[in-house]
Amino acid sequence: MASAGSLTARLVAARRHVRHCTGRMGLLIPSSSRASSYRFASSERRKISKVLVANRGEISIRVFRACSELGIRSVAVYSEQDKMHMFRQKADESYLIGAGLEPVAAYLNIPEIIHVAKNNGVDAIHPGYGFLSERSDFAEACERAGIKLIGPRSKTVKQMGDKVAARQAAIAAGVPVVPGTENPITTVAEAKEFVAQHGLPVIFKAAFGGGGRGMRVVRDPDELEENFQRATSEALAAFGNGSMFLEKFIERPRHIEVQILGDSAGNVVHLYERDCSVQRRHQKVVELAPAPRLPVEVRDRITTDAVNLMKYVQYENAGTVEFLLDDKGNHHFIEVNARLQVEHTVTEEVTGIDLVQAQIKIAEGQTLPELGLNQNNIELRGAAIQCRVTTEDPALNFQPDSGRLEVFRSGEGMGIRLDGAATFAGAIISPYYDSLLCKIIAHSHDLPAASAKMSRALREFRVRGVKTNIPFLLNVLDHEKFQDGTIDTYFIDENPSLFQFHPSQNRAGKLLNFLGNLLVNGPVTPLGTHLKPAEIHVKIPTTPLGELGPPGWRNVFLEKGPKEFAKAIRQHKGLLLTDTTMRDAHQSLLATRVRSHDILKISPFVSHRLNNLFSVENWGGATFDVALRFLKECPWERLESMRKEMPHIPFQMLLRGANAVGYTSYPDNVVYKFCDMAVKSGMDIFRIFDSLNYLPNMILGIDAVGKAGGIVEAAISYTGDVSDRSRSKYDLNYYLNLADELVKAGTHILCIKDMAGLLKPEAATILIKALRDRHPDMPIHIHTHDTAGAGIATYLRCADAGADIVDVAVDSMSGMTSQPSMGALVACLQRTPRDTGFRLADVSEYSAFWEQTRTLYAPFECTTTMKSGNADVYMNEIPGGQYTNLQFQAFSLGLGDQFEEIKHAYREANLLLGDVIKVTPSSKVVGDLAQFMVQNKLSADQVLQKAEDLSFPKSVVEFMQGYVGIPHGGFPEPLRSKILKNMPRIEGRPGESMTTFDFSKLEGELKERFNKVDEKDVMSAALYPKVAEEYMEFRDSYGPVDRLDTRIFLVGPKVGEEFEACIERGKTLAFKTLAVADDMTKKGEREVFFELNGQLRSVLIPDKSAEKELTIRPKAKKGDRSQVGAPMPGTVLDVRVKPGDKVSKGDKIVVLSAMKMEMVVQAPDAGTVKEVHVVKDDKLQGGDLIITLE
């Protein structure tokens, strides 16, 4: 036997060797130093060669890694639900357990785990944390089987796992405790008895487990029974035993725990403390080591008590002693966790000790001194923080989320450690287990530095496919109390600012879903024809970089105001031009489908080379509706983006008087607010008209624009023929009288709006000369359509008669139902007194761009059916902007081959309605009636005869009621009376009697349903409620689709195609379409594969063609409070209502369980249960419909 002196020398040398050879986490001494005769050595020493981890997820991988470093083989066990999980692939061997059992039950199946261990030569089992880690019967089973449990002895597990026994041990060891029940309780009566003696608040704790499961704080006696039931149920599900421990709840404590290591020779050391005060639902969220702002004397008292307790119970292996520290510095024992803790990582970082390796070596029989672990050489080095990244949505009360990780990109770098298991793209996050995704540990020289590293790492994370708590963690780290270290367990509850998040944009992921949906289900925007967008890259004319173009007419307006602007127009000698290419031209030729994406490409050219345009007509009218409804883009963003590109040219829009840009009447405050917002967004000239020339509606618009600071251009909608004296309804005096009223109302510019192209050259001379004579100082602006081909002739006569401005479209977007040709008019007026001042070469270059761009919109091309101009417009009087839309509507109704009949019926419908002014929305009324007549094979006479028995289109009924206004000459009788019968009639201006619109209420409703709602979204929803809401829902689902090239947006990419999308300045996404799966999943989804920025990505897209064949649970409609949806994926534990039951707001209706957490679903409002859509044990996905109320 060696002498005492030589043995001591060998121990000292061994410890010295440990410090030199193992680095920060090294604990292992060389085999030559493992003397069996060490003074503290256990009599039982057994080398471990194979370890089974009776757990799952990241803790399993943590143990496997430690085993690998020690040269020990590792074994995983996994449930059926975990067969694709990474942790089993990290082990040297893996075996299925619990076939046919519930997911959690598989990992609680002691006999099978022992069987697997025995059959596969396992020496030792590591229990991890959770599941069986604190089950004494499991420890006993291991001992009986001759398998070493890497943890404390079964006797200690039993004693420490019993909260009452642990309290008794603490009292015996002289450690202060909190008042609590002496034994576990199993009934509500026992809980009530304790409360009667000690008062409230109290806290329920699971007697046989921890981790926050089965914990409930009770402050109200009425909630005692409900919380007892829920805590018991949770504990039973998580630990297999629902017994409860009840103790007095200490207000505002800090949660301090001490890491302990003990060996079989009776040695116990502490590895300092951790602060776990940042908690939610009694579950730790962020852990710190060491505890900040903890006085040295308090630390010493706590660690001394922890060591004394563990020595008293003869504790072996790793464990944690937990305390509550009150605001006076007094500490109270809570419990012992006889296992490794989730947060053991921060202790490893600040001490340099590998706790898992220490556990294994202690289990082999080595002592703490042999491992170089004496209290005096365990030192703190810096500060560490651990954040638990979970798949929970903090915006929805931390509801667990599950599904597939579409993207996982971690934050790494110096001072960052990641412990995870399902951290890769494609990983499936199960709804059956804990929601922990990974643990991030940051270590640095002090808390602020560690916090900065953690914050940086979290911001680098990109997780898509499931919600995470990362936004919440960032708010915690950024909070001044956390940075100061002045936190307690009330920190989260008392700081609502922690729950104010900026939602993740996830633009790339959303675009992938959009593209995948196109490939699986086809176009989102209905296509008018079978033609396909051209596969071309449009050549964009070059312009000087970094310059915004020379000054233009807008500079005059901004410097001098509307009145002086009007004077400057009259003083100008040449004929001024408004370019309609960016609005009315494509409305007329391409069903209003041209996207901002293409308009913005050519805008810099217009700004530089066509800067002397009077205006660019680019907004309002149908473009507002179509942008939201079909193009899935925000019309306000279009306006603001164009203004940035063309700062010096006035913008012009179409304002439908009291109808704003809608098809119905609105409360007056909506129109005023709209105009104000439009001016602030960059609009200058408002062409104000009314579809019936109804003055009260127009005057409201004039007043609204004037108060907003815009330029008022009052427009008289032209119909009939002033050169034909036989047509007396709309004669010259009619127009002159209207002009007088509009000038009197304060218009800055007078416009003749010839929306159907009916203004013949002779009529133009008569009308414009008369207006010029009547109002010599008033600028006159002419708008027409070239449907009959006489547009240029009309404009030349207008110019001669004294008109100041005319509307034109660039050559390749002109003619037919569009405006007359810009190039033709420029050429005709060259070297004349009315020369426009434009260069034909510039117009030609502008036209070339649109000639190519137009081919991208082939599915909406009017020339599919209309090959040339047509003079029959003088008979049917169909407005140019309506002509092509009417064609596409006819196709969608199956009347495409009857368009000639529709044009004839349009004339008859107009006469039936009293020969009205026809422009949106009155033109829509005429068009709807015409298609109704053709579809039902009705002549005008038959409509009159059968009117009382027919179900007319809604627009026709509302027109007759007076919602559009009062037509010149009044409503047609007896048709009106036959259609309306006893229905109400509107007298006077419709908006005048409407209640003031509540924008604040609408904003609140929208923010409850959609992300990033701003003032513009609210206005869009006020004008087009359903359309705007559908757009916002689409935007939240699919992101910035307006950034995609037009062909890709309309019909999707081809397999193998590569393309790009610039989502913001300096950020370009590179896509490549790889494949679409032939087979569907059980849920009716197809997987679509892409490369995104060189990384493989895939999305699962529901195949709409499969919906009829599959039984799919209905979803609760977002925003409909009568439909109650599942707040998270999970299993129905209890249904507490049935059809016919009356419920009050907040009543408990269903109990769900997911990831071992229970949630009570409450009624959002009072009502009656109309239908219950679930039964007990149903498996639900988030949003599945549960209850319908009425």
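Is Phe557 buried or exposed, and what is the relative accessible area of Phe557? Phe557 is buried, with a relative accessible area of 9%. Here, buried means under 20% relative accessible area, exposed means over 50%, and partly exposed lies in between (1.4 Å probe, protein chains only).

The model is predicted: local features need pLDDT of at least 70, side-chain atom pairs count only at pLDDT 80 or more, and totals for chains, interfaces and linings use all residues. Residues are numbered from 1 along each chain as its sequence is written, and side-chain values use heavy atoms, with hydrogens and water left out.

The chain is assigned domain 1 (50-150), domain 2 (179-248), domain 3 (254-495), domain 4 (559-869), domain 5 (873-993) and domain 6 (1123-1189). These bounds come from an automatic or database domain assignment. The centres of domain 3 and domain 5, taken over C-alpha atoms, are 72 Å apart.

Two sheets are described next. Helices (H or I, at least four residues) and strands (E, at least two) are DSSP runs, numbered from the N terminus. Two strands pair if DSSP finds at least two bridges between them. Strands of a sheet pair through backbone hydrogen bonds, either parallel or antiparallel.

Strand β6 (residues 202-206) is joined to β7 by three bridges, and the two run antiparallel. Phe204 has Arg216 of β7 as its bridge partner. Axes are lines fitted to C-alpha atoms, for helices over the stretch in contact, and angles run from 0 to 180 degrees between N-to-C directions. Contact means heavy atoms within 4.5 Å.

Another open sheet has eight strands, in the order β13-β12-β9-β10-β11-β14-β21-β19, and its pairing is antiparallel. The edges are β13 (331-337) and β19 (416-420), each of which pairs on one side only. From one strand to the next, the twist averages 25 degrees. Four bridges link β10 (residues 268-280) and β11 (residues 283-289), which run antiparallel. Val278 is the bridge partner of Val286 in β11. Helix α11 (residues 296-312) packs on the sheet and touches β9 (254-262), β10, β12 (317-325) and β13. The direction of α11 makes about 135 degrees with that of β12. Helix α13 (residues 355-363) lies across β9, β10 and β12, at about 40 degrees to β9.

Aromatic contacts follow. A pair of aromatic rings is described by the distance of the centres and the angle of the planes. Rings of Phe, Tyr and Trp (its six-membered ring) pair if their centres lie within 6.5 Å; planes under 30 degrees apart count as stacked, over 60 as edge-to-face and the rest as tilted. By this rule there are 34 aromatic pairs. The ring centres of Phe131 and Tyr433 are 6.4 Å apart and the planes stand at 75 degrees, so the pair is edge-to-face. Phe131 lies in the loop between β4 (124-126) and α6 (136-144), and Tyr433 in the loop between β20 (428-429) and β21 (436-444), so the pair ties together parts that are 302 residues apart in sequence. Both Phe131 and Tyr433 are buried. Phe557 and Phe565 also form an edge-to-face pair, at 6.0 Å centre to centre and 70 degrees between the planes. Phe565 is buried, at 0% relative accessibility. Trp619, Phe624, Trp636, Phe674 and Tyr1024 form one aromatic cluster.

A charge sits over a ring if NZ of Lys or CZ of Arg is within 6 Å of the ring centre and within 35 degrees of the ring normal. Lys673 lies over the face of Phe999, 5.4 Å from the ring centre. Arg976 lies over the face of Phe971, at 3.9 Å from the ring centre.

Helix α39 (residues 1015-1023) is largely enclosed by the rest of the structure, because seven of its nine residues are buried. The elements covering the buried residues of α39 include α22 (622-629), α23 (635-645), α24 (668-680), α38 (999-1009) and α40 (1025-1038).
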